[in-house]
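Here is a friendly walk through one protein model. Please keep the sequence and the 3D view open as you read.

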Amino acid sequence: MNTRTVALVPAAGRGLRMGGAVPKQFLALGGQPLVLHSLRVLQASSIINEIILAVPQNEMDYCLQEVVAKHHFTKVTKVVPGGHERQDSVRHALEAVHADVDVVLVHDAVRPFLTEQMVEGVVKAARAKGAAIIALPMKDTVKQVGADHVIERTIDRQSLWLAQTPQAFRRDWLLAAHRKAHAEGIRATDDAYLLEWAGHPVSVVEGSGENIKVTRPEDMVIGEAILAARSKSGQ
């Protein structure tokens with residue numbers, strides 16, 4: 001069966017917690033813009049047919065010239081303006097996906113340590129079950145804390161997982177969920193929540209602790225250390 005998979009990369013965040021004037025997705029990691037690292041993996045993946053980027057309106061020309069054209073990302077077929085929040089950016093990119101696409105993968109530009117194994121694993125699960133995410137089982141002890149900063153209870157961590165991206169879904173499920181959420185004013189921090197809210201089961205594929213999300217300056221330090229370790233090991 002001929003299947004088509006499109007990767008959506010929301011890269012329109014303002015990165016307020018990072019400080020500075022440069023959006024975090026364009027900050028240099030290993031001497032290259034953060035977004036480049038994920039795009040390189042998606043470009044190389046044999047199961048990704050197309051990539052659609054959502055970037056800030058005023059960064060579209062820069063992204064087309066300094067990222068897409070300069071680094072020969074031939075699978076990037078569209079660069080669309082992002083929205084006010086991540087959910088809006090994903091919806092804008094999703095509306096640009098052709099109807100013949102079966103599976104849509106969503107990956108945050110600020111998770112630079114994506115691997116081809118993650119892409120293959122989550123897309124395979126989505127093709128089989130309709131929706132899947134990369135996630136990690138919780139390892140730390142989890143405390144529920146009240147407004148007065150006093151522990152209320154310890155939560156059993158055995159059934160708790162930390163959601164990451166990439167996340168992959170049937171295109172029709174994801175599109176319907178986003179449109180319905182937009183119409184009803186439902187906001188979510190990841191796409192899996194919208195699928196859950198729409199009544200679809202979402203499977204979990206175990207990921208990697210290296211798949212960090214860069215949100216604060218200290219994450220860039222961790223990222224440089226991961227890059228150095230990968231370079232040393234020949235990855």
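## About the model

This is a predicted model, in which local features need pLDDT of at least 70 and side-chain atom pairs count only at pLDDT 80 or more, while totals for chains, interfaces and linings use all residues. Residues are numbered from 1 along each chain as its sequence is written, and side-chain values use heavy atoms, with hydrogens and water left out.

## The sheet

Let us begin with the strands. An open sheet is formed by 7 strands in the order β5-β4-β1-β6-β10-β7-β11, and the pairing is mixed. Its edge strands, each pairing on one side only, are β5 (76-81) and β11 (203-206). On average, neighbouring strands are turned by 25 degrees against each other, direction ignored. Here strands (E, at least two residues) and helices (H or I, at least four) are DSSP runs, numbered from the N terminus, and two strands pair if DSSP finds at least two bridges between them. Axes are lines fitted to C-alpha atoms, for helices over the stretch in contact, and angles run from 0 to 180 degrees between N-to-C directions.

Two pairings are worth a look. Strands β6 (residues 103-106) and β10 (residues 161-170) run antiparallel and are joined by 4 bridges; Val106 stands opposite Gln167 in β10. Strand β7 (residues 131-137) runs parallel to β11, also with 4 bridges, and Ala132 stands opposite Ser203 in β11. In a regular strand the side chains alternate between the two faces of the sheet. Buried means under 20% relative accessible area, exposed over 50%, and partly exposed in between (1.4 Å probe, protein chains only).

Helix α3 (residues 86-95) lies across β1 (5-10), β4, β5, β6 and β10, and runs at about 145 degrees to β1.

Now turn to α7 (residues 217-233), which holds Lys232. This helix has 17 residues and reaches 25 Å from its first C-alpha to its last, close to the expected 24 Å, a span given by 1.5 Å times one less than the number of residues. Which residues of α7 are buried? They are Asp219, Met220, Gly223, Ile226 and Arg230. Because they cover an arc of only 120 degrees around the axis, they lie on the same side of α7; the arc is that of the directions from the helix axis to the C-beta atoms. Their cover includes β2 (28-29) and α1 (34-44), with contact meaning heavy atoms within 4.5 Å. The face turned away from the buried side carries the exposed residues Val221 and Lys232.

## The nonpolar cores

A nonpolar core is a set of buried Ala, Val, Leu, Ile, Met, Phe, Trp, Tyr and Cys residues joined through side-chain atoms within 4.5 Å. The largest has 35 residues, and Val35, Leu39, Leu42 and Leu53 have the most contacts inside it. Helix α4 gives the most to this core, with 6 residues. Val35 touches residues including Val9, Phe26, Leu53 and Ala109, not counting residues up to four places away in sequence.

## Two single residues

Arg153 lies in strand β9 (residues 151-155) and is partly exposed, at 46% relative accessible area. Leaving out residues up to four places away in sequence, Arg153 touches Val142, Lys143 and Gln144.

Lys232 counts as exposed because its relative accessibility is 78%. Lys232 and Pro33 are 199 residues apart in sequence and 21 Å apart in space, C-alpha to C-alpha.
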